[in-house]
Each structure stands twice: as C-alpha cells, then as structure tokens.
Amino acid sequence: MFRSILPAAIVALAGLLPLQSAAQAEACRNTMDEENCVRVLACVGAQGVVFDGHAYGWEQGVVKGLLSSGVPCGGQWSANGPMGTGFAQMQCGDGVTGKVIYFKQDSLTGTAIGRGKTSRGEAIRIWSGRNVLEYLRREGGRERAILPCESGDIPVS
C-alpha cells in the first residue's frame with residue numbers, strides 16, 4: 001500500500017501554479033504497476049509557491065509537473081529507503097533543485113507526506129497519493145482541499 005502512493009509523493013519543488021483540470025486528473029490512473037500514476041502537490045518556501053504534478057511508476061520512477069509560475073520540473077523517485085521511506089530528487093527549468101524524503105502515510109486515503117529543501121534553502125512540504133485531495137479536505141475538516149503552506153492556505157482541486 002505504501003509503495004502504491006509513494007510515487008505521487010515525490011514532487012518536491014514548487015512555485016504557484018495553475019492547478020490541474022479534471023481532464024488531467026482523469027489521465028492519471030493508479031494501476032499499482034509500472035504504469036502507475038498518482039498526483040503530487042507541494043508547497044515550496046514561504047512565498048506561496050505551489051507544485052502540481054504526477055509521479056509515474058512503481059517502486060521507482062519519474063515525477064513531472066509545473067510550479068505555479070509555469071516553470072516545469074522533473075526528476076526521479078525511489079521507494080527503496082529504510083523503514084519504508086522514499087526519496088526524490090528534482091530539477092526545475094529555472095535551475096533550482098530539490099530533495100525530499102517521504103516519511104508518513106495516511107492509509108485511509110493512500111497519501112504519502114514528505115519534507116525536503118531546495119538548492120536555495122527553501123523548505124518543501126509535499127503530499128501525494130491516489131486520494132490526496134480527500135486527505136487534504138479531511139485533515140482540515142473542510143469541504144474543499146487546502147494546501148497548508150507557510151504563506152497561508154492555498155485551495156486546490
């Protein structure tokens with residue numbers, strides 16, 4: 001179960017982004033094999049930067065997405081860390097890199113949670129998984145999913 005959601009948790013670099021459409025969400029399917037795809041959301045730093053993307057693969061793979069500023073980011077992830085942790089490394093089109101470790105999971109929603117840093121020293125906080133929006137609604141007790149970023153709550157859909 002943890003490895004099925006970990007791929008989504010691996011997108012650690014972000015900037016405020018146009019959050020995905022319903023068509024993009026439907027194109028990503030949790031298949032629990034090499035074709036697996038899960039959503040990844042992240043807050044980066046304290047300036048309201050958000051990453052929205054997807055992690056692809058099983059046990060290891062790639063992650064792709066955009067910062068809220070429109071800068072593309074991509075990288076690699078692996079679910080082979082000690083005690084069920086996962087790791088990711090990303091690079092964005094503006095030259096910023098980041099590393100993340102995933103260390104927590106919510107089994108009811110299949111959500112992995114992680115933290116990391118960018119090459120600029122900014123904190124990264126990420127959430128991913130097959131039901132990441134459900135997790136973000138439930139954690140805040142809200143009707144709408146909210147990313148709890150340092151800069152303040154950012155609604156996502």
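Student: Let's start with threonine 118: does it count as buried or exposed?

Tutor: Threonine 118 counts as buried, at 7% relative accessibility. Buried means under 20% relative accessible area, exposed means over 50%, and partly exposed is in between, using a 1.4 Å probe and protein chains only. Before we go on, this is a predicted model, where local features need pLDDT of at least 70 and side-chain atom pairs count only at pLDDT 80 or more, while totals for chains, interfaces and linings use all residues. Residues are numbered from 1 along each chain as its sequence is written, and side-chain values use heavy atoms, with hydrogens and water left out.

Student: Thanks! Which strand is threonine 118 in?

Tutor: Threonine 118 lies in strand E7, which covers residues 111-118. Strands (E, at least two residues) and helices (H or I, at least four) are DSSP runs, numbered from the N terminus.

Student: And what lies 3.1 Å from a polar atom of its side chain?

Tutor: That is the backbone nitrogen of arginine 120.

Student: New topic: how many disulfides are there?

Tutor: The count comes to three disulfides, where a disulfide is a pair of cysteine sulfur atoms within 2.5 Å.

Student: What pattern do they follow?

Tutor: Counting bonded cysteines along the chain, the pattern is 1-2, 3-6, 4-5.

Student: Which cysteine does cysteine 28 pair with?

Tutor: Cysteine 28 pairs with cysteine 37, and their sulfur atoms are 1.8 Å apart. This link is left-handed, with -110 degrees about the S-S bond. Both cysteine 28 and cysteine 37 are buried.

Student: OK, what is cysteine 43 joined to?

Tutor: Cysteine 43 is joined to cysteine 149, at 1.9 Å from S to S.

Student: What about cysteine 73 and cysteine 92: how far apart are their sulfur atoms?

Tutor: Those sulfur atoms are 1.9 Å apart, and the two cysteines form a disulfide. The link of cysteine 73 and cysteine 92 is right-handed, with 100 degrees about the S-S bond. Cysteine 73 is in strand E4 (residues 72-78) and cysteine 92 in strand E5 (residues 86-92), 19 residues apart.

Student: Are those two buried or exposed?

Tutor: Cysteine 73 and cysteine 92 are both buried.

Definitions and conventions
Polar contact = N/O pair within 3.5 Å; in protein donor to acceptor, adjacent residues only side chain to side chain.
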